[in-house]
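Please open the structure in your viewer and keep the selection tool at hand.

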Amino acid sequence: MTEPLSAVLVIALNYAPEPTGNAPYTTKLVEGLCNQGHDVRVLTGYPHYPWWKVQEGYTGLSRVEFVNDVPVRRVRHTVPAVPKTISRLLMEFTFGLHAVSVRWGEPDVVLVVSPALFSSGLAVLRARLQGKRVAIWVQDLYSRGLEETAGRRSLMSRAMRKVESAILAACGSVTVIHDRFKAYVVNELRVPETKVHVVRNWSHVRLPSKFDRARARRSLGWVDDEVIALHAGNMGVKQGLENVVEAARLASALGSQVKFVLLGDGNRRAALEEAGAGIPNLTFLRPMDDAGYSAALRAADVLLVNELADVREMSVPSKLTSYFATGLPVVAATHEESATSDEIRLSEGGVRVDPERPSVLLRAIETLGTDLERAAKLGANGQSYASRMLSAEAAITAHERVLLSQA
């Protein structure tokens with residue numbers, strides 16, 4: 001039996017009770033490591049995502065609490081009402097400055113989670129100055145994201161590539177969530193391949209064996225003859241959900257049975273609600289707890305991923321892991337060379353359509369809504385893929401192995 005680590009400090013801007021984004025993965029990893037006998041503590045921010053405001057009851061500059069028996073210290077940081085690049089960077093810096101100014105104790109290993117990259121960079125700097133071993137877990141690539149939005153040769157993209165390269169190279173190990181991320185980190189950010197590990201994310205949604213689908217649909221106001229196409233998660237810029245709003249507008253004009261449902265929150269939600277006002281084939285749902293989220297996913301007919309046309313490698317939507325686990329087909333409006341497209345091909349769990357084409361998106365959903373045999377086959381493929389490749393147990397074991405190699 002492997003000797004447990006006597007102290008692991010996880011520094012992450014996002015943690016439970018945040019219901020989406022990085023928080024569920026960080027929380028599950030921490031709790032999994034604790035269950036393996038490791039002593040893990042968490043240094044995190046105040047719960048704010050995806051609402052972009054600190055949740056009620058979280059006051060003061062710092063507080064200590066226990067989340068599922070895990071000691072968690074929270075430190076205050078700014079939270080932008082409208083999360084744009086500069087205001088988000090300010091949030092990362094204020095969290096990072098506060099995180100490096102408090103006592104850390106004597107951890108064997110410090111694990112930082114990116115995003116947030118800049119607060120991670122500050123934590124890496126302190127760890128290195130104090131001679132502590134440090135590892136980083138990368139969920140999104142900042143420099144790749146800028147290249148896809150601002151252009152590879154832009155001054156900001158070049159500067160971000162240097163910053164991200166320096167932060168990752170300073171760590172003893174770099175864990176990424178996809179093989180394409182690893183290729184970029186090694187080939188473009190020049191991090192030695194021996195440092196870089198791929199550990200896939202997993203489904204963090206609990207799926208009870210007993211589920212009354214008809215009852216769940218009724219509780220959500222969905223009628224039997226509607227084809228529910230559900231998009232769950234963040235409503236931000238890179239999701240490009242204006243495409244879904246326009247697909248819903250077209251569905252209404254054509255008298256289609258497809259009803260689009262946007263579940264979640266984000267900085268684009270208000271604008272999307274305004275753009276979609278009066279469209280009968282479009283509804284919005286607020287973020288739900290795990291049980292409600294799971295029920296909503298399983299009560300749908302088709303699950304959606306939607307991305308801007310320029311998004312290729314900047315991230316792999318975390319929602320895909322939960323989508324596949326439901327056994328429902330996925331429709332992904334994404335570039336054919338995107339990481340999301342790779343996942344659809346590998347899993348054979350859905351269909352890809354060109355992004356920013358509302359009529360094409362609607363047609364694909366209508367086809368799956370009538371071809372129930374094909375929809376069931378795609379859903380079964382995705383569920384099998386999730387079972388084989390995306391289990392939490394395998395991921396936690398792999399993360400544990402990487403951290404032990406640093407101790």
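Is serine 341 buried or exposed? Serine 341 counts as buried, because its relative accessibility is 1%, where buried means under 20% relative accessible area and exposed over 50%, with partly exposed in between (1.4 Å probe, protein chains only). This is a predicted model, in which local features need pLDDT of at least 70 and side-chain atom pairs count only at pLDDT 80 or more, while totals for chains, interfaces and linings use all residues. Residues are numbered from 1 along each chain as its sequence is written, and side-chain values use heavy atoms, with hydrogens and water left out.

Remain at serine 341, which belongs to helix 12 (residues 339-347); helices are DSSP runs (H or I, at least four residues), numbered from the N terminus. Select Thr334, His335, Glu336 and Arg352 next: serine 341 is in contact with them, leaving aside its neighbours within four places in sequence (contact means heavy atoms within 4.5 Å).

Now select helix 5, residues 155-169. Its 15 residues reach 21 Å from first C-alpha to last, close to the 21 Å expected at 1.5 Å a residue (1.5 Å times one less than the number of residues). Colour Ser157, Met160, Arg161, Glu164, Ser165, Ile167 and Leu168, the buried residues of helix 5. Seen down the axis of helix 5, these buried residues fall within an arc of 165°, so they line one face of the helix; the arc is that of the directions from the helix axis to the C-beta atoms. Turn to the other side of helix 5, where Leu155 and Lys162 are exposed.

Key. Helices (H or I, at least four residues) and strands (E, at least two) are DSSP runs, numbered from the N terminus.
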